[in-house]
Amino acid sequence: MLFVYAKCLKKQQMSINNSKYYHLFFLLFLSGLACAQNTASGKILDAKTNKEISGVDIFINDNKTPNLNTTSGSFSVQSDTIIYRLKFSKKSYALETVDVTTENAGNLLVNLSQEKVSSIGEIVIHNEKPKYKNKKENPAYAIMQEVWKRKRNNGLAKFDTYTYREYEKIEFDANNLDSTFMNKKMFNKLNFIFEYADSTATGKMALPIFLNESVYETYGENKPSNKVKRMLVAQKTSGFQDNQVITVTAKNLYRDINIYDNILNYFDIGFQSPVGADGFSTYDYNLTDTIAINGENAYKIRYQPKRKDVLAFQGYLYIDTDTYAVLSATLKSTQKINVNFINSISTELEYDNPDDQTFLPKKVVTEIELTPFAKKKTSKSIIAKRSVDYSNYEFNKPLDAKLFTRKEEEYDDKFVDKDDAYWLKARPDSLSKREQGVYEMLDKLQQTPKFNRIVKIYETLASGYYNAFKGIDIGPIFSIYGKNVVEGDRIRLGARTYFGQNDPWRVQFYNAYGFKDKQLKYGVEARYMFNRVNRFMIGAGTKRDVMQLGVQLTNDDAILSRSFASSTIFARGENASLSSVNQTNIFTSIEPWKNFQIRIDGTMQSIKSANPSEFSLMYYRNGDLRKTVNDSHVTISLIARPGTKFSQTGVDRYEHGTLAPTIVLKYTRGIEGLFNADFNYNKLQFMFYKPVLIGSWGKTLINFEAGKNFNTVPLALQNIIPGNQSYSLVPNTFSQLNYYEFVADTYTTLHLEHHFNGKILSFIPLIKKLKLREIAFIRGAYGTLSDASKDINVEGFKYSAPNQQVYFEYGFGIENIGFGNLRIFRVDFNWRGNYLERPDISKFGIKAGFQVGF
């Protein structure tokens, strides 16, 4: 048992003047003797700075597990047996062992010396390395073989139930500041912020600008059913509670990683793991030492990539000499890392190993240096640091089924509000003086008009909306101007209500005007969410606009989805196939299970050609010639997004970047006679989208769609294989198809696009300096169109499906074009694979556009 020694002393100070305390005093006196014989106390200091250190593991005698983790520089421990030795262990410090005697037990002074090689920020990878004829001669190879042979899994899977706590801290610091930068005019009236800056090891200044603390409780059940719930129980953010853009940006930078996996996911990009089974194909390993880590003997292995320009790390592995478990690991990117906006990545991992098959995360610290400028050590940058401490593991304890139930109060804005006393207790280590200053500094900044103007500019560019005044945003700003053959130059202005990131309701509208057709267009939509837990929502809207139909197969009925025609400024050939659409929609949706949505839409619409002289939508109905299609239909959509993470609970949510799939199943029923609708029909559609990491070879994007119209309908309601006559990049369209070139009752399409992340071009000496990345893609479509579906249209003879053979396109692209860390331009080269005999086709084309990503 452990007791605080101060309690023993306090009890001894009780007065003995009153006789009724005599027996109590006698017992306390005996307790005091016990404290003196079986206790030890003192202080722990940094040997270099002479400052107190907290978060130190203390091992009594020869215990393999720590008996105490300190919360301050002072410590006191007690044992049921005599204490004759104490061991003090803390990451980045050398293990210190102190003999305890009756003379020094009450006043130990422990000095811990920093061990630079285990400090992730100070790793130095030396170029010299031993020469071996083959890898089997390398002693590190034998050790790593044992690690791979005993590959461990996360221990949570072996228990019937488990619970644990996470304390997460994310901090952003502005780095490499100097006096010239701090004296710029932009900081007039803001220069007080530099009072909170601190010097770094390079002599430059770093200014903390964002701090987010979160506490999560995770409950898991493996038997009898598999259930997991990760609940946010506390959150504190410096100054940006109402700014979803900054908070989501912070959360989006990080992924959970398992050092035993072959590929580690950073920014949804695959990095070769140094502990992966094929690590020797990427890394050189060198056994350098045997040291003590948390009281355990460990092999210290230095590793570094064979080639510096691959997506890999360098650093140290600490492997238990008895069990070959990874006790700790440091990962640091190379100087030639080819990731946009990123100068460097470093991660420090600590694991607990309860048995020979499993591990449990203990602590993960990841530091990312971001900058849109050059990859230089002196560039102005942002240091984004995230630390996660895992604690309070409990296993095989009965868990109430109610724990896994989503509750209304968990989604309330004030649910995570906690006072300062809570945070003092919740933090594994107290905040540094600089971290404490973040909250104070941001509070002051928010009272400064100039700072608020800067934040507003950032929010506008990131969200696309400008906050005109309280509750009203103007936008989207990127949709203001467009051009097409029907409207000519087009202006679009819109607005939305916005009171905060968790608004339960929203109203949006826009007006548009074409200077050629001199027609006013509009759209308005309102949504209201009744329940934050199951996201039960209703909405309604209406619009009248010119649209390019047939650019999306599995589309939605949302009124304010952006019109493709409005954004096409430069196009391949004149696009005359535009439609005039009047549409009214009501919908309701609910999430009975997390990330699984059921949505029901009721839509009434009329569709006719917006350019009758060049594009006909005329059709026959009961022998009559009609130019307008009247349609009323009901659509039931099942949408699954397993693994997706969201930040907010309002009517609009902001998604975290993940590799989660999207699965959609839709059934549409057209109802003849309802609001003068012309057709009964049934349509079934399916879509599957998934990004997949392919080892160190990059990432593949898979998009598969299939659908069928079971009844005869006119062209306006048919399935159009999506073409793209613009010169811009449009996902899941066929670049060399014209609009309406292929029409199908039944269709299947597949898009495969692989991003190599520079894997191939990095072998070419001159080109690799440009840090370009290669893309390869292939697209295919197959479908059929009945004679009845052709005959119903006046110009049905023009239309056909890709039923002779699978239509396909192929090509390659170059992305990451730009300079410094700002590489957001992409160019694709597309070839049409078949159906080359058709008139007015394009056999080859170039598409280009901006692609913002890591």
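Which residue is the bridge partner of I607 in β33? The partner is V629. The structure is a predicted model, in which local features require pLDDT of at least 70 and side-chain atom pairs count only at pLDDT 80 or more, while totals for chains, interfaces and linings use all residues. Residues are numbered from 1 along each chain as its sequence is written, and side-chain values use heavy atoms, with hydrogens and water left out.

The bridge between I607 and V629 belongs to the pairing of strand β30 (residues 596–609) with strand β33 (residues 629–640), which is antiparallel and comprises 12 bridges. Strands here are DSSP runs of E with at least two residues, helices are runs of H or I with at least four, and both are numbered from the N terminus. Two strands are taken as paired if DSSP finds at least two bridges between them. Strand β33 also runs antiparallel to strand β34 (residues 662–670), to which eight bridges join it. In β34, G670 is the bridge partner of H633.

Salt bridges (a side-chain nitrogen of Lys or Arg within 4 Å of a carboxyl oxygen of Asp or Glu) number 33 over the whole structure. One of them joins the side chains of R230 and E166, with an N to O distance of 3.1 Å. This pair links distant parts of the chain, R230 lying in strand β12 (residues 227–237) and E166 in strand β9 (residues 161–177), 64 residues apart. Burial is assigned from relative accessible area with a 1.4 Å probe and protein chains only: buried is under 20%, exposed is over 50%, and partly exposed is in between. R230 is partly exposed because its relative accessible area is 39%, whereas E166, at 4%, counts as buried.

In the salt bridge between R427 and E213, the closest N and O atoms are 2.6 Å apart. R427 is in the loop between α6 (420–426) and α7 (433–445), and E213 is in strand β11 (residues 205–221), 214 residues away. Both residues of this pair are buried. R506 and D503 form a further salt bridge, with 2.7 Å between the closest N and O atoms; R506 and D503 are both buried. A network of salt bridges links E487, R490, D517, K521 and D545.

A nonpolar surface patch with about 780 Å² of accessible area together includes F499, W505 and F509. Patch residues have over 30% relative accessible area and no salt bridge; like charges are joined within 9 Å and nonpolar side chains (Val, Leu, Ile, Met, Phe, Trp, Tyr) within 5 Å. Areas come from the Shrake-Rupley method with a 1.4 Å probe, and for residues only the protein chains shown count as cover. At least two patch residues come from each of β26 (505–514), β27 (520–531) and β28 (536–547). F509, in strand β26, is partly exposed at 41% relative accessibility.
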